[in-house]
Amino acid sequence: VECFDALVDVAADGAAFFAKLAGDLARLVGAAANADAFEATTRGRALEVALALCEAAPALARRNAAVFVQSLVPVAVGLSRAVEDDAAAAWAGRPCELAPLGERDDESDHAKAGDDALKRLCGALGKQVAPALLEFCGQAFGSASWVDARCGLAALNALALGAPKELKPHVATAAAVAAQTIAAPASDPRCVVEACRLVGALSMATKEAYQRACSENEIPSPVPALAAALADAARSPPRVAGALCAALSVFASAGEDDGGDPAYVDAHLDAVVPALASTLARVGGDANAQKATLDAVATVASCAEGAFGPYYGTFMPTLLAALDATADRRHVDQIAAVRARAIDCAAVVGSAVGVDAFAADAPKVLAAIAGDLGAAGPQQGGDDVDADLPLSVLLPAAVSVVKTCGGAAVDAYLEAIAAPLLAAATAVPQ
């Protein structure tokens, strides 16, 4: 391992040293990374040598592209296939991750290294790597093994994120694979979550071309499949439901805070809304799944805008009742985080439907915000949005409610909202 660590440092900081040896180095570390006799750490560090060289000197790697592809792609694919052999029900029954589409704690080290290598190879050698990965995907999706299918989905995900230009001619196929995997009742839950990751990658990487093509019925939209899977409680326990909701959120919003084009979801609201309502009702024991579901409701409402009006009564009474029921536990960190998402969801839904529908409920939402602002303890900071709920969620939600309704209905809460806003505006940056 120490030897490979030294080679990683040289590859990252002095890639020119390998100018005449790049091909030989790729063969050497590829063989080491592919050696079953080595531990996961050793194999991962061997692969890291070649990946570091690709990223530090992509031109050098491209000159030796044939060797790099031949030596590294089979290794990355092999590692990606080395998943934990847990029973599907046991895997799906574990709690939802904080980031439902992110890395999972119970993934094997081999699979993590393989998936990461695929993404980095696509980023450095996209044009040269794409043909080999696409050929592998064709084989993987023709296999009856869920392990092959998951690895194929991971490869498409890597291409979408690292080499979107090379995947562009194949977006329709990738979209169809993702939608079919999510829709199929027999799909392994790990494949469903990987397909949700692919939906997210396509939504972000194509600059909304994917969503537009779906809304114009040029390629299969994932929304009906996501809604159907969410509506089936047996297929979407909280861990899987969190990923389904996260994929729906990314697709509908295209990664933008103010939501995407209403056309992305309008045609599917009759299926999506009941599915989200039933999911919200049954994931109450999993805080991360709750947050993902609330985020999805808010995103769909923001995207649909006025078209969400008929569904206002489906969610607002539930949200307000949940806020009332947890008011005495708002000081508990996990409860506070879920309450903040519920408040944000209520504010977004109110903004989508407008003042006429929202005016009567706006004071209740503001009262919850004022109470939670008063209960919030010292914040720890950090990258997670839950690290600073007043500034990251509660106050923006309050501003949204005031902007939507204004007038006498919210006057009683303006002081409680304005004081922390002014304090934040005048605070010395840390």
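Trainee: Where is Glu305 found, and how should I read the helix labels around it?

Mentor: Glu305 is found in the loop between helix H16 (287-304) and helix H17 (312-325); helices (H or I, at least four residues) and strands (E, at least two) are DSSP runs numbered from the N terminus. This is a predicted model, in which local features need pLDDT of at least 70 and side-chain atom pairs count only at pLDDT 80 or more, while totals for chains, interfaces and linings use all residues. Residues are numbered from 1 along each chain as its sequence is written, and side-chain values use heavy atoms, with hydrogens and water left out.

Trainee: How many aromatic pairs does a search of the whole structure find?

Mentor: A pair of aromatic rings is described by the distance of the centres and the angle of the planes. Rings of Phe, Tyr and Trp (its six-membered ring) pair if their centres lie within 6.5 Å, and planes under 30 degrees apart count as stacked, over 60 as edge-to-face and the rest as tilted. Across the whole structure there are five such pairs, among them Phe308 with Tyr311, which is tilted, at 5.9 Å centre to centre and 55° between the planes. Phe308 also pairs with Phe315, where the centres are 6.0 Å apart and the planes lie at 15°, so this pair is stacked. Phe308 and Tyr311 are both buried, and Phe315 is buried too. Elsewhere, Tyr210, Phe251 and Tyr264 are linked by ring pairs into a cluster.

Trainee: At what angle do H3 and H7 pack?

Mentor: Axes are lines fitted to C-alpha atoms, for helices over the stretch in contact, and angles run from 0 to 180 degrees between N-to-C directions. Helix H3 (residues 40-56) and helix H7 (residues 109-140) pack at about 10°, with their axes 10 Å apart. H3 is therefore roughly parallel to H7, since angles under 35 degrees count as roughly parallel, over 145 as roughly antiparallel, 65 to 115 as roughly perpendicular and the rest as oblique. Contact means heavy atoms within 4.5 Å, and the residues making it include Leu47 and Leu51 of H3 as well as Ala117 and Leu121 of H7.

Trainee: Which residues is Val129 in contact with, leaving aside neighbours within four places in sequence?

Mentor: Val129, in helix H7, is in contact with Val69, Val73, Leu121 and Cys122 once those neighbours are left aside. Val129 is buried, with a relative accessible area of 1%, and its C-alpha atom is separated by 9.0 Å from that of Leu159, 30 residues away along the chain. Ala163 lies in the loop between helix H8 (146-162) and helix H9 (164-167) and is buried at a relative accessible area of 2%. With neighbours within four places in sequence again left aside, Ala163 is in contact with Cys122, Gly126 and Ala158.

Trainee: Where is Arg104 found, and is this residue buried or exposed?

Mentor: Arg104 is in the loop between helix H6 (88-92) and H7 and, at 2% relative accessibility, counts as buried. Leaving aside neighbours within four places in sequence, the contacts of Arg104 include Trp91, Glu194 and Arg197. Arg197 is found in helix H11 (residues 189-205) and is buried as well, with a relative accessible area of 10%.

Trainee: Where in the protein is confidence lowest, and where is it highest?

Mentor: pLDDT is the predictor's confidence in each residue, from 0 to 100, and where it is low, the predicted coordinates should not be read in detail. The mean pLDDT of the protein is 89, with 95% of its residues at 70 or more; confidence is lowest in helix H22 (residues 408-411), at a mean of 70, and highest in H13, at 97. Over residues 378-383 the pLDDT is below 50, and this stretch has eight contacts in the model beyond near neighbours in sequence.

Methods. Buried < 20%, exposed > 50% of the residue type's maximum accessible area, 1.4 Å probe, protein only.
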